[in-house]
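Biologist: Please take a close look at the side-chain contacts and the aromatic rings in this model. I would like the cut-offs stated along the way.

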Amino acid sequence: MSPRESDFVSGFARGLKVIEAFGDMHRRLSITDAAKLTGLDRATVRRSLLTLAELGYADYDGKFFTLTPKILRLGHAYLEATPLPVLIQPHLDALSEKAGQSASASVLDGSEIVYIARASQRRVMSINLTPGSRLPAYCASMGRVLFSAPEAEARAVLSRSELKANTPNTKTDPGELIAEFRKVRAQGYALIDQELEIGLCSIAVPVENDRGQTVAAINIGAPAAHVPASEMVARYLPLLKETQTALRTVLR
């Protein structure tokens, strides 16, 4: 339900936008940097950053702002408020052990997936994925599983996504992606062959609660040099489905 205009706190919304400007590529931001990234005016950005510094969520050296560990309280509140990560983690650990590969769980947030749990056997991507990490949903196996919702909704999310080719294999055409989502929905799993990053293959299935509602996705990622995409289904889909079934009995 959308809030009434009188209930919307625009200053709070702008402050959150400033926090979201920080990231792996922007760990230190000046007021000018943050204004460019957010599209907000310098005065608004300055007040937001100084407020974060005053409350201990950011450090300020006179020119640059950096987030402090206190900012983790905001994400920790989500992890504490939802049982999903705690319930999924032991099943993910068992899945990773059986497969001998890294396994992950994520939820959809707009046009991105957010990792909520991970069991890592080895590092298979150039970036280090941990709970809270984000990836574009359209080219990730878990994203395609979670995108397999009503088609109109998927089209709307794609229209807001930056569909860039991460590798020569990446599907970026909206029509082709919609067709892929239909295929994923019909077969019950998504298979990615080096679309997110060269050298990485992954396979994902949806995670449903005991009412049949999709609440997350789980996947197995493997180096393409060791396990080509053509072998992923035979090797790992039975293990994923076994975990999928086990989780359905514990998720309410």
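**Contacts and rings**

Modeller: Beyond its neighbours within four places in sequence, Lys 98 is in contact (heavy atoms within 4.5 Å) with Leu 239 and Glu 242. The model is predicted, so local features need pLDDT of at least 70 and side-chain atom pairs pLDDT 80 or more, while totals for chains, interfaces and linings use all residues. Residues are numbered from 1 along each chain as its sequence is written, and side-chain values use heavy atoms, without hydrogens or water.

Lys 98 belongs to helix H5 (residues 84-99); helices are DSSP runs of H or I, at least four residues, numbered from the N terminus. With a relative accessible area of 52%, Lys 98 is exposed (over 50%; buried is under 20%, partly exposed in between, with a 1.4 Å probe and protein chains only).

Rings of Phe, Tyr and Trp (its six-membered ring) pair if their centres lie within 6.5 Å; planes under 30 degrees apart are stacked, over 60 edge-to-face, the rest tilted. That rule gives 2 aromatic pairs. Tyr 60 and Phe 65 are stacked because their centres are 4.0 Å apart and their planes at 10 degrees. Tyr 60 is partly exposed at 39%, whereas Phe 65 is buried at 0%. Phe 147 and Phe 181 make a tilted pair, 5.1 Å between centres and 50 degrees between planes. Phe 147 is in helix H6 (residues 141-147) and Phe 181 in helix H8 (residues 174-187), so this pair ties together parts 34 residues apart in sequence. Both Phe 147 and Phe 181 are buried.

Notes: Helix = DSSP H or I, 4+ residues; strand = E, 2+ residues; numbered from the N terminus.
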